[in-house]
Amino acid sequence: MRIALTGASGLVGRWIARAALQAGHRIDSLPGWRLGDVPDLGGCDALVHAAFQHLPGRYRGGEGDDPRGFTRANLDGSLRLFRAARDQGVGRVMFLSSRAVHDGHPAGMDLADDLIPAPTSLYGQVKAEAEAALAAMAAPDFRTASLRPTGVYGPGRPQKWAGLIGDFLRGITPEPRVATELHGADLGRAALLVLDDPGMAGSYNAGDLVLDRRDLLAEVARLAGCGTPLPAPADPAPLRKPLSARLQALGWRPGGMALLRRDLPEIIAEIPT
């Protein structure tokens with residue numbers, strides 16, 4: 001399969017590119033393309049849209065002081081891309097959405113694949129509106145879907161934990177926090193399963209670990225010989241946990257703590273201190 005992939009060098013896109021290449025697919029990273037452009041997608045069997053414009057390191061709140069520009073780039077630009085794929089005969093389009101579409105649901109709620117979005121940020125709203133617009137374009141010869149991952153981690157750059165671990169190694173204890181996390185390799189496998197799903201449609205959640213910063217940094221401290229005090233345990237009860245039933249029905253089995261323990265030494269080694 002020839003897959004057009006936007007955002008191929010980003011935090012999420014690089015994992016999808018790696019998984020696709022390892023599976024024998026061809027990747028077209030659309031050199032020179034920017035959000036808002038209409039690319040040449042001739043010969044592509046599928047499109048995965050993982051590019052997103054935001055302030056560095058910020059997703060929620062990533063619009064800064066330019067919400068109109070943020071919406072124009074990310075929503076209008078995505079819709080133009082989806083229409084180009086449909087009009088140029090691309091058979092399958094997958095949009096990288098986010099768990100942020102569900103931030104308005106009650107604390108502690110389990111998030112099902114088919115749960116109606118309730119965003120509370122402009123980031124979540126733009127993702128939800130792009131999901132809905134893409135779904136409305138679906139046709140028998142134009143399969144569409146959205147993948148909603150939780151926080152994505154793994155070795156390589158960009159690295160989501162660079163600031164957290166770097167500060168900890170320099171003696172700074174962070175505030176307590178617990179979050180849902182997903183290894184990038186598991187995300188890459190999830191993306192390919194969605195593209196291969198004969199019933200590809202709607203939304204698919206992708207989540208794995210419920211990870212307390214205290215537990216993460218305790219392992220960092222052990223591996224690095226770091227004596228920085230650990231944060232207090234965080235309360236996991238308010239966390240909204242995504243269920244990944246549709247992916248699991250396709251055979252998806254994320255790696256859990258085993259992947260985290262395997263790759264944490266490499267992640268630590270990449271962080272400047």
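Helices (H or I, at least four residues) and strands (E, at least two) are DSSP runs, numbered from the N terminus. The views below show a predicted model, in which local features need pLDDT of at least 70 and side-chain atom pairs count only at pLDDT 80 or more, while totals for chains, interfaces and linings use all residues. Residues are numbered from 1 along each chain as its sequence is written, and side-chain values use heavy atoms, leaving out hydrogens and water.

**View 1. Welcome to the open sheet of six strands.**
Follow the order β2-β1-β3-β4-β6-β9, with parallel pairing; two strands pair if DSSP finds at least two bridges between them. β2 (26–28) and β9 (203–206) stand at the edges with a single partner strand each, so one side of each has no neighbour in the sheet. From one strand to the next, the twist averages 20°. Axes here are lines fitted to C-alpha atoms (for helices, over the stretch in contact), and angles run from 0 to 180 degrees between N-to-C directions.

**View 2. Here strand β6 meets β9.**
Residues 143–149 make up β6, which runs parallel to β9 and is joined to it by four bridges. Look for L147, which stands opposite Y204 in β9. The charged end of R246 sits over the ring of that Y204, 3.8 Å from its centre; this calls for NZ of Lys or CZ of Arg within 6 Å of the ring centre and within 35 degrees of the ring normal.

**View 3. Two helices lie across the strands.**
Helix α1 (residues 13–22) lies across β1 (2–6), β2, β3 (46–49) and β4 (92–96), at about 170° to β1. Helix α3 (residues 122–136) lies across β4, β6 and β9, at about 170° to β4. Contact means heavy atoms within 4.5 Å.

Rings of Phe, Tyr and Trp (its six-membered ring) pair if their centres lie within 6.5 Å; planes under 30 degrees apart are stacked, over 60 edge-to-face, and the rest tilted. F82 and F95 are edge-to-face, 5.8 Å centre to centre with 80° between the planes. F82 belongs to helix α2 (residues 67–87) and F95 to strand β4, 13 residues apart. Y153 and W161 are stacked, at 4.8 Å and 20°. Both Y153 and W161 are buried (under 20% relative accessible area, with exposed over 50% and partly exposed in between; 1.4 Å probe, protein chains only).
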